[in-house]
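Me: Could you walk me through reading a structure like this one?

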Amino acid sequence: MKKIGWEIIATLFITIMTAVALILVIVYQNVPVAVLVIFIGTYILISTEKVNRTAMSLLGVALVGVILYIALSLTIPGGVRFVTLIEHIEWHTIIFIIAMSIIVSVAAASGIFQYIALRIAARSEGDHKQLFIIFLVFVSGISLFFDTVSTMLIAAPLTIEICKALEIDFKPFLVSEAIVCNFSSIPSIVGAVPNLVIAQHQDIQLDAGFLFITFMPLSIILFLVSLPIFLRWYGKSFGVSEEYRADAVFSIDPSTMIKDRWDFNISAVAIICLVVGFAFGPSLDLTPPMVALLIAGFVLLLAHERANEFLNRVGWPTVFFLVGLFGLVGALDITGLIDALGVVISGFIEEGSIFATVFLIWIPAILSAFLDNLPVSIVLAPIAATFGNPLALIFAVNIGGYIFTPLGSPANMVAIGLSEEQHDPIPFIEFVKIGTLLGVIHLAIGSGYLVLLQILFGI
Amino acid sequence: MAAEIIIAVFVITYIAISSEKVNRTATALLGMGVAGIVLWATRQATFSEVVDLVEWSTILFVTSMFIIVTIAASSGMFQYLALGLTGPTQGQTKKLFVSLLGFVFIISLFFDTTSTMLIMGPLTIELCKALDIDFRPFLISEAVTCNFASISSIVGAVPNLIIAEKAHVDPGFLFITLLPLSIILFVVSVPIFLRVFEDKLIPSEEDLVSQMMLINPQYMIRSKSDFFLSIIAMIILVLGFTLGPGLEPIPIQPALIAITVASALLIVAREWVDEILKRVNWGTIFFLVGLFGLVAALDITGVIDALGVGIGWLIGGNVVLGIIFMTWVPAMLSAVIDNIPVSAVLAPIALQFADVSPLLPVALIFAVNVGGFILPIGSPANILALAFAEKERRPIQMKDFAKVATPLGLLMIAIGSGWLLLLGLFI
């Protein structure tokens, strides 16, 4: 309420957008275009970062609800009841995100991640290069089991702490970790929310084991290619910390990091169950959301009176941002716009061809570079289903997360946000340079890999 | 086989929740997860089917109402209203008590029971603390009142919405048939409350009273712009809830109105959206999610259909039997089970018997609302009242609640079934 200017501009913008949409519905009886106007308008307002994105996406879905309601009561084709719109939201994915946030917040409070980080970092003995490699391997390991945002929320604070103790610049570490956590998630269905959205889409139903087998080699190749590039890029800033510093840090007994034994043990068991569940569940049809919800329920139950405190720590703004976004995409789906987009795309690519694969890598990657990769996945998943290449889409949206701009993936924003908190912000342009360089290389390698798979195995 | 296991999971979850030894939210979510596992193991349904059957529009409605009430509460609007309202009582505890209950009665017509308690709970506690009187009798009576006062309004309670939507109840018909009844119930219940809580409702000290009465209600307003926005939002909500469901040909769903108002308020509050969202009572919302998930599992395994067939066979075509059945049985069920799932289960059955008499769905609405307070776990409003007291570290024991509410609830069911039978002679 402090700076009035933007509220008024935003309110005006929203009013104009709503008026245009209403005119389109009432006068021209054109529901799809009206929905599209609201969708694009909402997106523009969110991208300005001047309005709260959670509030805006919820308002967007509410306005679409009003449009569809008016269409229904005027008996214009395309109108539906609000309940129907809500049913189009991917609640399954929402439940998964909430359950994962609960588990991560309980585990983070127990100190288990600090414990693990101190354990593994001690091996570097103060050599920066060693430490850098260890952290990247650690990040790529946990990326397989946690979504990118959780991964960064776990890894970044630890990195900052250890780097500060050793008097190293933490920015190269954070930038590299953000990039690694994005591309390391591709083989895992739970590694990134877009993967889950694409894989669980009703027309795709991608098998988790299949995804893992096809993409694990690729993700290892990408890691091996990126590592020397990172080391060259940041090589001159690395050295060796004075012995006394390294000793001071690594002589700390990791077990002193454990804030509460009971919580620690519970978290350890929960994470093991989670990993086992994610690894073996999907082949038995045990979907990740169910595994995550069960474990979150248990963890909350054991946290007992602190359960509500943990619930409050879940990133509700992000959750409801997604609810709004899913609702908006649901409306696009209801009005047939997504089908129409599919028809347009099919006009110039041929189903199952090599060109289709390459197309489905580069276009979504470039889109995700500028838009958040989640909405891109939500919109494009049905189209990828039509052309039978969800693998290309999963690869593309993950890589697209860090190419050209850091805006593409929330994990990057977490890294930048945390560095700002330390009053040592990562310069935007720094991220753009290394991200784009690696992103283009990764996309090229990935396209080659997927085309090869297609030629060899017809996948 | 699956049905039996799901019923067992359902019953065990309920017993665990009622024991109050475990966290409610965690248990409900865990119950939903276990139900998912059972359905998976017996190959009945995938987890995503269970998730899809959760009443998400109700969840969004409740969340939106939480957000609106949080914003309005932080603007000082309710404090303003409360001070303005209680000023004339001159701090006499009994008068205060009655005027608060009257206020609850009126706003129950426009807000669902949970929102009513969300508005009234913190306000009552603040008032009582200022006057140094025990707030627990107030909270218990308010919870009871907000439950029965909402019977005549379609938006007065979430169960009303569910039943009216599924069983095609006309909002006007509902209002005409049940408003006199709710007034009768109010007139009957106030003297009873005053008697039961006689020794708790002691007058507070003079100086506290005079101090409070000196406060100008205007000082309660923390932010002028938030205050006016909240008032506008409330007016839109009341209008929307009153007129929306009656719109022809397609009624506006209250969830749509609530989410529009909530998100518009959030836009204006842009800097502290995160703060507002943190203050929403997620524990209660996820308790509902878990509960709906469990009911969905019951639905999938055919338990609910079996129940409908059984009831149909019992009632036959007899109006008197139907009314008695549709009041006492759902009331008893809502006493033990949350009244929202009870309504979800019984609404299709009520539709089936709307041909016998249009009073049967109305009887169901009456029953689930009154049944909601026969035991404290029957309605989310009661649970909220308990939660507020707990937060103030002066918890209301479940048995203390039941001691007052259970006899009162049974009396009201008796009065109500008499009223409906009387109406049955004319309609």
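Predicted model: local features only at pLDDT ≥ 70, side-chain atom pairs only at ≥ 80, totals over all residues.

Me: What radius of gyration does chain A have?

Reply: The radius is taken over C-alpha atoms, and the globule rule is 2.2 Å times the number of residues to the power 0.38. For 459 residues a compact globule would come out near 23 Å, and chain A has 23 Å, which agrees.

Me: Is Val314(A) buried or exposed?

Reply: Buried means 20 or more other C-beta atoms within 10 Å of a residue's own, exposed means 12 or fewer, and partly exposed is in between, with C-beta atoms placed from the backbone. Val314(A) has 22 within 10 Å, so Val314(A) is buried. You'll find Val314(A) in the loop between helix 15 (307-313) and helix 16 (316-334) of chain A.

Me: Where is the kink in helix 10 of chain B?

Reply: Helices (H or I, at least four residues) are DSSP runs, numbered from the N terminus. A bend is the angle between axes fitted to the seven residues ending at a residue and the seven starting there. Here a kink of about 35° sits at Leu178(B), shortly before the proline Pro180(B). Leu178(B) is also one of the buried residues of helix 10 of chain B.

Methods
Residues numbered from 1 in each chain as written. Chains lettered and ligands numbered in written order. Helix = DSSP H or I, 4+ residues; strand = E, 2+ residues; numbered from the N terminus.
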